[in-house]
Amino acid sequence: MTSIVEDKRDPLMMGDETSSSAMKLRTEYLSSGVNHISMGIDWSTDGIVCYAASTGVLLYDPQLHAVTGSSIKHHTKRVTCVRWVHPTPTGGCIIVSGGADGKAVLWTVSQKRIEGLHVLNPLSVLDHGDSVNLVDATLLKVKEKEMILVVTASTDVISTWLICLESGKYEHLHSSAPPGNVFPLSLRLFEVSGAKFPVIAFGGHDSRIHILAARELGVYHSVCRLSGHEDWVTSLAVMKEDEGRLLLASGSKDATVRLWKLSKLQDINEPQEEQDASNRELKLKSITFEIPSLCEDISMCALLDTILSGHEGLVSEVCWARPSLHGDKLQATYKLLTCSKMQDRSIIIWEPNGDTTSSMWLEVARLGEVGGNMEGYYSCQFSSDGSQVLGCSYQGGLHLWELQDGAWEPCVVAGGHFNQVADIAWDLSGRYLLSVSKDQTTRLHAGWKTKSEVIWHEVGRPQVHGYDLACITTLGKYKFASGAEEKVIRAFTAPANFICNFGKICGFEVEDDIAKCEVGEGAAVPSLGLSNKAVTIADLQDVHQVQEEGRDEVQAYFKPLSLSVPPTEDQLMQNTLWPEVSKLYGHGNDIFTVAASSDGSILASACRATNNIDAAIILWNTTTWSKLDTLAKHRLTVTQLAFSPDDQYLLSVSRDRTWAVFMRAENNKGVTYRLLQSSTKKEDIHSRVIWSCAWLPDSIHFVTASRDKTVVVWGLVDSVWCKKAVLNENDEVTAVAVTKVLTSHCILIATGLLGGDIHLRRYYPDDSAFSLEVMKVFHKHHDVISSFG
């Protein structure tokens, strides 16, 4: 299994089945967090969730507990909103997304999987010109053809588009400034029975809800303004009631949710107000307005039905459960879901008191976390039957609850990093994968053994730091060291409670490992601290005694868990930390790269550097945590370090465009390494920074990869490292990895490129030549690849 990671996305592990004639790839695991935006997730009626992940869109199946689809690379900046197109077209599911790159993309979902994933292919790309902050779309019949009407909004323009489903061709219908030059903060398209075209509702920074209607396709004008909120209107959701009436829910920065009833006037001749409806405001009174129809215009009435107050701050999203239909009658209770990203950190489920005509709504459940000082939920969604709730938190994590025997219970849900992944490292026995990210967390991914299959999942979060993490390496069984944008290297060891749960989740025998564990049951971070402190059984007993005696409140400690399934997001954040066993001081700048010998006994590290002194490599003894030696050779930052498989050599590559090989030796402190050979800028083939390196399994060949688009294989001949082969790529090479093909006498070399492409080639050491065949990974990354594992 080869693991592939890049800056914007989480680990993508690909199992490869290779033979002498063919090579197959399959995506084993794809992990990513959600962009923390209020329109970042959407749950379709067929049970599939789409969510925004950096510059892409992913599909997640809660029943399979896995990401099942991925968009190809198209957005060049972060995706700002995603929506399923409703109703579903006959040709299949359609997703629309907006991005900070000024584009709205309509995606079709492939029926067949490629490399194990469904593919989201762009049907149409709409160039809005400015960042697309809001987007919504609906299906229309135009001249008996299925067309999709798309509405996009930036800070000062609302645009409408019409896309043909068959050809993907689009027509820009109209663009205009929002009424009153309001900044749109929320937007919804909805159908009014008998209306000529769909209606738009948008909430603005003026605290009002604006309703727009069209006499001509795509050309919208204001027909009504609903006032009542005292601050920004941040979210809207529309539900069609049993008798054709509409329920409009609006969430606001004023911490309230308002429900509005929109219904047709039964008697069109009833007295009307003298003022123009488009200029009137609604303050606890009804208002009428006209919606264009094919025949006579439809007179509508808007009435504030109720105000829901339960959140302490900005309501980031509101969502209706879709009641099931039996004929024309609804068979389920209305449910409203609201969430707040302020410090109440809660998702609230509301239901009417009695039948659906009641204006009295009750809070029937409150989900989320209690206490803390972090922001809450940016987005929330109901499943199609209202039995599950999905939320997205500030850290990009997904939270899933299911209604079981009248109680909402947390469930296993996918997740991942929400910022650039900087580095990865495999456990020495291949049982788990560690990843570090600029989201300041270290995450542990492993195979969850269910009754029928093994599903890769995040099962631990050993480190939650205060600095962006940059590099990681494993030091042995349940041990690793990581470096961040600080001058300290931190080493960690797994506690007993994690090892026990890891064994039960992944199906490993861990009794001996638990018996050897000497760091306690778990770990906790003290107030105003950055170090994970070990929590022992004695500590847990002391905390329990203090709580029983009712003394002053104590600091929240680690709580032992007994898990047979992967932990939830809340459990990952608080109860899967590993104790920090050592800090290593010696570097003068931020740590850039670390590497360990095959047995984990020696750690090599390097930091950012602009001179010879800072560019030195430091060797550490991981038994005594003492410095072994300092290796000085490079003049600029060492970009990567790699020990040979037999630990006889240490390879380093640098921004100064050179590489160096150090050979194992002895000194008064024990094992060290001495410079054996190095390249020079004038003699070396590489003309730009060397980003990556890797050893071949024989320990006498290594590979270097450079920004100059070349990959060079070097071999040991008569005690001198010489060039063996040169490979020219079509883009800057930022990462390289090597593995042996078991069924043939060749080496598989993977190169990661600046644009996110991954190329796989065979290399034949006996002939010092690359094969002409190049295999390109279809599901490439959306940004620069930073590391292979």
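**Aromatic pairs, a buried serine and an open sheet**

At 8% relative accessibility, Trp695 counts as buried (under 20% relative accessible area, with exposed over 50% and partly exposed in between; 1.4 Å probe, protein chains only). This is a predicted model, in which local features need pLDDT of at least 70 and side-chain atom pairs count only at pLDDT 80 or more, while totals for chains, interfaces and linings use all residues. Residues are numbered from 1 along each chain as its sequence is written, and side-chain values use heavy atoms, with hydrogens and water left out.

**Aromatic pairs**

- The whole structure holds 24 aromatic pairs (rings of Phe, Tyr and Trp, the last by its six-membered ring, with centres within 6.5 Å; planes under 30 degrees apart count as stacked, over 60 as edge-to-face and the rest as tilted).
- One of them is the tilted pair of Tyr29 and Trp456, with 6.3 Å centre to centre and 35° between the planes.
- This pair links distant parts of the chain, 427 residues apart: Tyr29 is in strand β3 (residues 23-30) and Trp456 in strand β38 (residues 454-464) (strands are DSSP runs of E, at least two residues, numbered from the N terminus).
- Both Tyr29 and Trp456 are buried.
- Tyr649 and Trp695 form a stacked pair, at 5.8 Å centre to centre and 20° between the planes.
- Tyr649 belongs to strand β50 (residues 649-654) and Trp695 to strand β53 (residues 690-695), 46 residues apart.
- Tyr649 counts as buried because its relative accessibility is 11%.

**Aromatic cluster and charges over rings**

- One aromatic cluster is formed by Tyr432, Tyr478, Phe480, Phe492, Phe498, Phe502, Phe508 and Trp578.
- Arg431 lies over the face of Phe508, at 5.1 Å from the ring centre (NZ of Lys or CZ of Arg within 6 Å of the ring centre and within 35 degrees of the ring normal).
- Lys253 lies over the face of Trp232, at 4.1 Å from the ring centre.

- Ser482 lies in strand β40 (residues 479-484) and counts as buried because its relative accessibility is 1%.
- Leaving aside neighbours within four places in sequence, Ser482 is in contact (heavy atoms within 4.5 Å) with residues including Gln463, Cys471, Arg490 and Phe492.

**Open sheet**

- Four strands form an open sheet in the order β49-β50-β51-β52, with antiparallel pairing (two strands pair if DSSP finds at least two bridges between them).
- The edge strands, β49 (638-643) and β52 (670-678), each pair on one side only.
- Strand β51 (residues 659-667) is joined to β52 by eight bridges, and the two run antiparallel.
- Val661 stands opposite Gln677 in β52.
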